[in-house]
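Welcome, and thank you for opening the viewer. Please load the structure below, keep your selection tool ready, and follow the stops in order.

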Protein chains: 2
Amino acid sequence: MKTDLTRYLPILAWGRTYNRSALTNDLVAALIVTIMLIPQSLAYALLAGLPAEAGLYASIVPIMLYAVFGTSRALAVGPVAVVSLMTAAALSNIVEQGTMGYAVAALSLAGLSGVILLAMGLFRLGFIANFLSHPVIAGFITASGIIIAASQLKHIFGIDAHGHNLLELVISLVTHLGEINWITAIIGILATGFLFWVRKGLKPLLRNLGLSSGLTGVLVKTGPVAVVVLTTLAVWLFGLADKGVKIVGEVPQSLPPLTLPSFSPDLLGQLLLPAFLISIIGFVESISVAQTLAAKKRQRIDPDQELIGLGAANIGASLTGGFPVTGGFSRSVVNFDAGAETPAAGAFTAIGLAIAALALTPLIYFLPKATLAATIIVAVLSLVDFSILKRSWAYSKADFFAVLATILLTLALGVEIGVSAGVGLSILLHLYKSSKPHIAEVGQVPNTEHFRNILRHDVLTDPSIVTLRVDESLYFANARYLEDKIHNRVAGDKDIRHVILQCSAINEIDLSALESLEAINERLQEMDVCLHLSEVKGPVMDRLQREHFLSELSGQVFLTQFEAVKELESK
Amino acid sequence: MKTDLTRYLPILAWGRTYNRSALTNDLVAALIVTIMLIPQSLAYALLAGLPAEAGLYASIVPIMLYAVFGTSRALAVGPVAVVSLMTAAALSNIVEQGTMGYAVAALSLAGLSGVILLAMGLFRLGFIANFLSHPVIAGFITASGIIIAASQLKHIFGIDAHGHNLLELVISLVTHLGEINWITAIIGILATGFLFWVRKGLKPLLRNLGLSSGLTGVLVKTGPVAVVVLTTLAVWLFGLADKGVKIVGEVPQSLPPLTLPSFSPDLLGQLLLPAFLISIIGFVESISVAQTLAAKKRQRIDPDQELIGLGAANIGASLTGGFPVTGGFSRSVVNFDAGAETPAAGAFTAIGLAIAALALTPLIYFLPKATLAATIIVAVLSLVDFSILKRSWAYSKADFFAVLATILLTLALGVEIGVSAGVGLSILLHLYKSSKPHIAEVGQVPNTEHFRNILRHDVLTDPSIVTLRVDESLYFANARYLEDKIHNRVAGDKDIRHVILQCSAINEIDLSALESLEAINERLQEMDVCLHLSEVKGPVMDRLQREHFLSELSGQVFLTQFEAVKELESK
């Protein structure tokens with residue numbers, strides 16, 4: 001019972017040994033992360049199409065719930081770029097942005113996503129996320145980064161533009177280009193340029209000055225705070241808001257409000273698929289970060305419990321004015337580098353953000369939206385990485401086509417279709433590959449007991465014996481292929497008396513494949529050819545023995561291929 | 001060029017060596033098949049919801065086109081039970097049975113199915129059919145047989161009843177039971193009883209009289225002709241048609257008419273999915289029969305060319321007043337047993353049926369529909385076989401659930417949903433199984449170079465070395481599972497210094513799995529543990545060498561597991 005409770009409430013495990021040294025480390029990390037999170041949270045709320053304060057709210061209660069239920073000690077949960085984009089894409093199809101209904105729908109989306117994650121965790125369905133292949137994720141994130149960056153250009157130039165795929169966005173931007181606000185554009189371009197310099201130029205500079213790589217990383221991550229402060233001051237001092245520079249404006253001074261998502265079945269029905277996709281993508285992003293960080297300290301991550309932690313965080317977001325959240329890469333790395341030891345660091349961050357929401361919001365009244373757009377653009381462009389195309393082209397064409405389709409469809413048709421198509425295509429390509437397995441005809445390497453492909457090696461063969469090695473488990477998708485291969489190999493060659501299937505690479509034989517083997521056995525018998533098996537694995541043999549195939553087999557089952565040939569040649 | 005033509009026109013291959021002995025054999029077979037096909041064709045047309053003559057038309061031109069393009073020498077193409085049921089199910093959702101539009105839609109369905117089959121053949125997409133697992137087909141055919149038999153009960157009892165799944169049919173039958181026509185019922189029950197006796201009682205009788213098993217089979221198959229003759233005479237002599245016995249009635253005396261299917265995009269759109277399912281099911285049924293018969297004479301079947309043959313046959317059916325056709329089991333076996341040597345036998349059968357369509361149709365004016373229903377019921381009940389449930393339960397639970405779902409959903413919701421769900425479920429179960437592969441921790445069997453599962457065998461292990469054998473190819477669906485397994489095995493055990501992956505059962509490593517291996521390697525390094533590989537297969541190694549993983553590997557790649565342990569223990 002106690003271990004059970006600890007499984008579902010990891011806080012009981014680390015809370016028991018919490019001490020002063022861990023407390024100090026956690027407090028320092030929390031302070032740094034809080035400073036970094038303030039602009040990021042506001043920015044991602046705007047990206048999701050919500051008022052800026054929603055970003056703060058989405059970072060407070062979710063982070064505390066994750067601290068109770070999550071297994072990662074360093075993961076920082078809150079709004080992230082890709083999930084915010086997916087939120088905007090899902091909601092804009094259903095309700096108009098800027099309305100009350102939009103914010104309520106965002107609550108429902110977070111709640112639904114939370115329930116889905118929780119259910120997946122309780123029923124241990126985390127494996128579903130595995131069907132997102134790494135290349136598909138890489139392609140999806142690259143394409144999403146481009147769309148996000150493009151969607152922020154309107155804030156940089158102070159114009160109106162809309163769209164949820166690249167083509168729509170570009171057309172909309174071009175047609176509105178005449179309405180450009182030059183002051184906004186100058187702020188936006190300077191802010192973007194500065195942030196890029198912080199990433200590319202400041203980092204080497206600080207390192208050369210002898211700072212540790214960890215501290216450098218943390219300082220670089222606070223760059224956005226500097227831009228926020230400077231541009232806000234500029235707007236306030238020069239009264240730029242009156243000259244058409246769009247600002248964040250009034251943000252309520254409040255702790256996260258208690259909210260209730262809409263339970264309208266219509267709305268929930270429309271949000272179900274997007275919520276599922278957001279859950280899966282968010283989970284995959286989160287678990288990779290968590291595992292990478294846990295490995296550095298030889299800690300364990302339980303994927304099913306992570307689902308529960310993320311589920312609780314999203315349900316929390318839906319009840320406190322937020323929107324879908326997950327474990328973010330950059331914030332978690334900062335948290336880890338700043339020395340966070342336990343999830344308590346996350347709880348302290350939440351307290352910091354709560355203070356910000358209560359006390360600091362008047363200070364961001366004059367914060368230009370262009371600055372937030374600049375922080376988003378610089379953050380997401382680091383996600384854009386086309387090298388996956390080159391890499392997959394060299395390594396595996398199937399992976400390449402799955403990535404290419406994901407990138408093109410995400411750019412052309414939007415995030416939901418893009419990622420679904422990528423998953424579908426990679427499953428189809430996998431099934432296709434395993435439906436036409438590599439089947440090698442093998443012969444004996446002279447003076448050894450080894451058997452190798454007759455096309456690659458000089459080997460000994462006997463005209464009356466054909467040995468085929470199937471390099472794949474046998475199941476319904478390739479069962480008939482094997483039938484065809486064997487039939488066609490034997491039909492034309494009247495010398496053949498024995499066919500041996502070398503089963504060393506066969507990890508499973510399902511019922512379809514068993515029936516195919518029966519058919520092969522029967523048809524070979526009609527041609528006066530015996531079917532033999534060699535090197536059948538234990539678990540496969542166990543299963544075959546439950547059926548009468550072995551007793552009907554015209555030939556024998558040999559322990560090794562060498563034995564098989566020795567015995568059959570002597571006949 | 002010549003070989004190319006022979007590939008697409010197999011008739012050029014066998015036509016060149018055609019001689020008098022083959023001609024005689026083909027003529028005898030054709031005569032027997034013709035006699036058997038007349039009642040069967042009429043019956044399946046009624047099952048498909050079409051006028052009786054459509055069955056004859058569907059057997060004439062298609063059989064001739066298959067003779068030109070098909071590769072099987074014994075396959076007899078025409079209407080078959082399951083495809084006729086699927087035709088009725090597809091069309092009844094769209095147009096009302098008995099209308100002109102219904103017959104035209106049947107032409108479109110056959111044409112669409114023909115085009116799909118042809119395209120699959122030309123683009124060599126026959127492998128798609130492999131995703132119908134054997135158990136799913138068995139379950140589907142069993143459930144279809146039950147639905148077909150139930151759908152014919154209305155003719156046996158002379159009542160009105162409709163429905164495309166078992167529940168609908170049973171309810172409809174029960175509510176109309178009061179309208180039963182007793183004379184029809186007597187004819188129907190007697191005919192059914194007689195046909196069952198022919199199958200079960202006459203066969204042993206004839207065998208005991210010393211007839212060969214082939215001839216017995218042929219005679220038994222002509223049983224339906226006897227029933228047709230007897231019941232038609234009875235209706236005519238006693239004027240039973242006036243007493244409410246439904247008869248076939250006037251059938252035009254005509255060769256197959258030239259017809260044009262409807263090309264309405266609306267209609268074609270609605271028919272696309274059913275046409276695809278009919279094509280796949282028809283192809284699977286046909287190719288199994290063709291391969292079984294070809295094996296008996298050591299002949300080759302080319303699945304892609306079979307698709308072309310069946311495609312041509314269906315296009316022929318759509319242009320000559322027919323409906324979807326495929327290679328039938330019982331007619332092909334009769335054809336083979338009667339001695340057919342070449343596809344010419346099919347052409348002669350077509351001529352026989354053409355003569356019947358021209359000259360014999362007035363003779364079936366008084367043929368009661370109950371008789372045709374009886375022939376259908378007896379034919380399809382031989383398809384019903386629940387043993388697949390017991391068999392799959394014993395052999396593989398995944399197969400069992402796929403079959404069970406197929407049977408239940410086909411009975412409850414109809415053929416299209418049933419077979420689609422079966423295919424979907426078997427793919428999902430396969431993916432699920434391969435996403436959680438068997439991973440054994442292995443140790444050395446004392447005094448050998450063999451390594452076996454530590455849970456099953458008494459083996460030697462070293463506390464600083466963990467060897468894991470993954471019994472599955474590594475791909476995206478199981479890549480993260482492997483990460484978790486290794487991480488959790490190592491995280492808690494501080495003695496471990498080396499992890500060896502024994503790769504003897506890994507037939508492929510895709511890019512996702514490669515990236516997982518990279519992550520594993522990196523995370524193990526963080527824990528001061530080295531990752532090694534052993535027994536990597538040639539093609540897998542080839543591919544790994546295209547990437548930099550091997551140079552980043554913290555450990556080594558060993559040719560054999562024994563070498564790996566020998567070397568690492570000595571360190």
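A salt bridge here is a side-chain nitrogen of Lys or Arg within 4 Å of a carboxyl oxygen of Asp or Glu. By this rule the count over all chains is 22 salt bridges. Before you start selecting, note that this is a predicted model, where local features need pLDDT of at least 70, side-chain atom pairs count only at pLDDT 80 or more, and totals for chains, interfaces and linings use all residues. Residues are numbered from 1 along each chain as its sequence is written, chains are lettered from A and ligands numbered from 1 in the order in which they are written, and side-chain values use heavy atoms, with hydrogens and water left out.

**Stop one: the two chains**

Colour chain A and chain B separately. A rotation of 180° with 0.0 Å of shift along its axis places chain B on chain A, with an RMSD of 0.1 Å (a least-squares superposition on the C-alpha atoms of residues with pLDDT of at least 70 in both). The two copies are thus related as by a two-fold rotation axis. Now select Ala505(B): in chain B, its C-alpha is the nearest to the axis, 2.7 Å from it. Of the interface residues of chain B, 100% are also interface residues in chain A, so the copies meet through the same surface.

**Stop two: the domains of chain A**

Select residues 2-403 of chain A for domain 1, then 439-569 for domain 2; these bounds come from an automatic or database domain assignment. The C-alpha centres of the two domains lie 55 Å apart.

**Stop three: a bridge between chains**

Show the side chains of Lys433(A) and Glu508(B), which meet in a salt bridge at 2.9 Å, N to O. Lys433(A) is in helix H19 (residues 415-435) of chain A and Glu508(B) is in the loop between strand E6 (498-502) and helix H21 (511-526) of chain B, so the pair joins two chains. Helices (H or I, at least four residues) and strands (E, at least two) are DSSP runs, numbered from the N terminus.

Is Glu508(B) buried or exposed? Glu508(B) is buried, with a relative accessible area of 17%, while Lys433(A) is partly exposed at 30%. (Buried means under 20% relative accessible area, exposed over 50%, and partly exposed in between, with a 1.4 Å probe and protein chains only.)

Next, select Arg391(A), Glu515(B), Glu518(B) and Glu547(B), which are linked in a network of salt bridges.

**Stop four: the nonpolar core**

A nonpolar core is a set of buried Ala, Val, Leu, Ile, Met, Phe, Trp, Tyr and Cys residues joined through side-chain atoms within 4.5 Å. Which residues touch the most other members of the largest core? Among its 144 residues, they are Leu482(B), Leu501(B), Ile509(B) and Leu544(B). Helix H12 (residues 265-296) of chain A gives this core its largest share, 15 residues.

**Last stop: Thr232(A)**

Select Thr232(A) in helix H11 (residues 223-238) of chain A. Thr232(A) is buried, with a relative accessible area of 10%. Not counting residues up to four places away in sequence, Thr232(A) touches Leu363(A), Phe366(A), Leu367(A) and Pro368(A), a contact being heavy atoms within 4.5 Å.
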